[in-house]
Amino acid sequence: MTKRYWLLLLSAVTLSALAGLAFFSHSKGASTPQAVADSPRLAPGVTLRDVTFYSQALRRDMQYRVFLPEASGTQKLLVVYLLHGGGGTFRDWSNYPDVAQYASGTILVMPQGDYSYYVNAALKPQDRYEDYIVNDLPADVERRFPARADRASRAIVGVSMGGFGAINLALRHPEKFVFAGATSAAIDVPRRSFSLKRLNQSRTFRDMFGADGSDTRRNNDPFIVVRSADSSKMPYFYFTCGQQESLLAPNREFAALLDKYKIAHEFHIVPGGHEWNQWNAALPGVFEALHRHVE
């Protein structure tokens with residue numbers, strides 16, 4: 001075979017490998033966000049604002065993006081915090097789904113979460129992402145925008161890693177949120193044991209959650225936290241998972257636990273895999289349920 005043939009074959013294999021790596025980074029969660037063009041999907045009557053502010057918890061500047069009505073006047077508005085997935089950025093929610101249409105009478109806040117699972121990292125005390133999301137971010141949003149500051153008007157929603165974050169933060173801070181939504185939540189991450197086959201991922205999860213069996217890991221495991229939750233004080237949980245996802249089994253298991261402990265929720269199994277087309281299709285159900293449970 002000719003040298004040209006082998007060069008063409010090598011080029012094709014390389015492109016295929018890169019495509020596979022990009023898919024793995026998006027669907028499984030990578031520590032470094034992928035560089036993509038910023039092309040927000042706007043909606044009529046909705047404006048976009050990008051904000052950089054100093055987080056006391058993280059001791060550095062952080063960014064978030066906001067969709068809000070162009071004409072809100074002096075009316076205070078419902079706030080929904082939208083958490084991105086692993087390998088993503090604060091731009092994801094504006095670039096991939098058609099979420100801007102839900103900013104009528106609502107402020108949508110999309111914070112940068114890095115690859116953090118939105119927890120205060122057990123072995124990296126400088127990475128206090130839980131405190132950043134729960135305390136610093138709402139304080140800045142409520143200072144800059146016409147946002148209502150009461151629990152009854154505050155919701156949190158996430159995809160994948162962000163779905164874990166939304167559920168975990170709502171369980172740990174039920175006084176902050178009236179509604180928690182998740183699509184394809186990586187709900188079982190704290191239960192994944194240290195593995196030499198996934199050494200880098202295991203080390204990252206150990207830094208975030210602590211060693212297997214540690215108090216810090218147990219305190220951020222929704223399957224454990226829910227067992228001592230006061231059902232009368234919990235937000236309403238709405239979550240979905242695709243039929244083709246490996247996360248379906250743990251999401252089903254978590255729904256069964258919510259049933260057992262009589263915590264109000266909805267769980268829906270939907271068509272599709274771990275990607276934005278599926279998550280975008282789930283949004284009408286998420287926001288319909290959200291508006292049934294906010295004031």
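Guide: Buried means under 20% relative accessible area, exposed over 50% and partly exposed in between, with a 1.4 Å probe and protein chains only. This is a predicted model, in which local features need pLDDT of at least 70 and side-chain atom pairs count only at pLDDT 80 or more, while totals for chains, interfaces and linings use all residues. Residues are numbered from 1 along each chain as its sequence is written, and side-chain values use heavy atoms, with hydrogens and water left out.

Visitor: Why is His173 called buried?

Guide: The relative accessible area of His173 is 17%, and the limit for buried is under 20%; therefore His173 is buried. His173 lies in the loop between helix 4 and strand 6 (179-183); helices (H or I, at least four residues) and strands (E, at least two) are DSSP runs, numbered from the N terminus.

Visitor: What does His173 touch, not counting residues up to four places away in sequence?

Guide: His173 touches Glu130 and Val134, where contact means heavy atoms within 4.5 Å. Both Glu130 and Val134 are buried residues of helix 3.

Visitor: Where does helix 3 bend?

Guide: The bend, of about 30°, is at Asp136, and Pro138 follows within four residues. Such a bend is the angle between axes fitted to the seven residues ending at a residue and the seven starting there. Asp136 and Pro138 are themselves among the buried residues of helix 3, and the packing partners of these buried residues include strand 3 (78-83), strand 4 (106-111) and strand 5 (154-159).

Visitor: Why is strand 3 described as largely enclosed?

Guide: Six of the six residues of strand 3 are buried, so the rest of the structure largely encloses it. Leu78, Val80 and Leu82 point one way, and Val79, Tyr81 and Leu83 the other way.
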